[in-house]
Amino acid sequence: MIEIRGVRKAYGDHTAVDGLNLEVRDGEIFGFIGPNGAGKTTTIKMTVGLLRPNAGAVLVNGIDVAADPLRAKMEMGYVPDTPDVYEKLTGMQFINFMSDAYQVPTGVRGERVRELADAFELTDALGDLIESYSHGMRQKTVLIAALVHQPRVWVLDEPLVGLDPKAAFTLKAMMRRHADGGNSVFFSTHILEVAEKLCDRVGIIVKGKLVACGTLDELRDGANETLESFFLDLIEP
Ligand SMILES: Nc1ncnc2c1ncn2[C@@H]1O[C@H](COP(=O)(O)OP(=O)(O)O)[C@@H](O)[C@H]1O
Ligand SMILES: [Mg+2]
């Protein structure tokens, strides 16, 4: 579970996130959508402890991210918006490095990595240098590295970008399974059809403020419209 409470973040005199409140419950996939520059990535970085809010707090499974960052980070698997990885490592070396950071016991590591790498069809490339990887392969590497410590809370910033259709399908199925197991998935996306099909609830952020939040039925409020038309009406009334 993620509780974002009155969080604000300014870069200089530009307020990127402005008093945001939202909750990602256990057992749900929560989609975070909004125009470019709305504040999604800033919110996500505050959630995972990469940025410190100017005001407010984020709790992950009840742990205050600013007060107890290491313990909070152990609860989370985070995939950043760009898969920046160490080019001079092999995929396997990078995954091992991340597994060390998250203290994944070596005894269970092999099996977990094998399962994830098989699911994403990356097994054969794990021994190659990351500099030779395509964008999609880097994205898969980052995903595997983020999930190998089996975090209960997944925080994914535009995780489908660059994935081929099969890998995207695999990831969406994994997200569903993870949430159905009683865990939380918080992800941002530009693909409204994905949000519409996959999410239990969505939040829409515009200029740093949450302007709508709820299940799709709640957002539609009886109207028979797609998330796309709701979203476009909302941002360009
Ligand atoms: N490191 C930074 N320094 C200054 N401004 C930033 C920085 N990161 C983001 N911003 C600004 O903050 C706003 C929100 O950005 P961001 O959180 O990346 O939005 P989104 O992920 O929704 O596209 C934008 O106006 C962006 O230009
Ligand atoms: Mg972003």
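Of the contacts in the protein between residues at least 6 apart in sequence, 71% join residues at least 24 apart; two residues are in contact if their C-beta atoms, placed from the backbone, lie within 7 Å. This is a predicted model, in which local features need pLDDT of at least 70, side-chain atom pairs count only at pLDDT 80 or more, and totals for chains, interfaces and linings use all residues. Residues are numbered from 1 along each chain as its sequence is written, while chains are lettered from A and ligands numbered from 1 in the order in which they are written.

Me: Why is Leu129 called partly exposed?
Reply: A residue is buried if 20 or more other C-beta atoms, placed from the backbone, lie within 10 Å of its own, exposed if 12 or fewer, and partly exposed in between. Leu129 has 15 within 10 Å, so it is partly exposed.

Me: Which residues does Leu129 touch, leaving aside those up to four places away in sequence?
Reply: Leu129 touches Glu87, Lys88 and Thr90. Its C-alpha atom is also separated by 5.5 Å from that of Leu89, 40 residues apart along the chain.

Me: How do the residues of the shell around ligand 1 divide?
Reply: The shell holds 3 nonpolar, 6 polar and 1 charged. Ala, Val, Leu, Ile, Met, Phe, Trp, Tyr, Cys and Pro count as nonpolar, Asp, Glu, Lys and Arg as charged, and the others, Gly among them, as polar.
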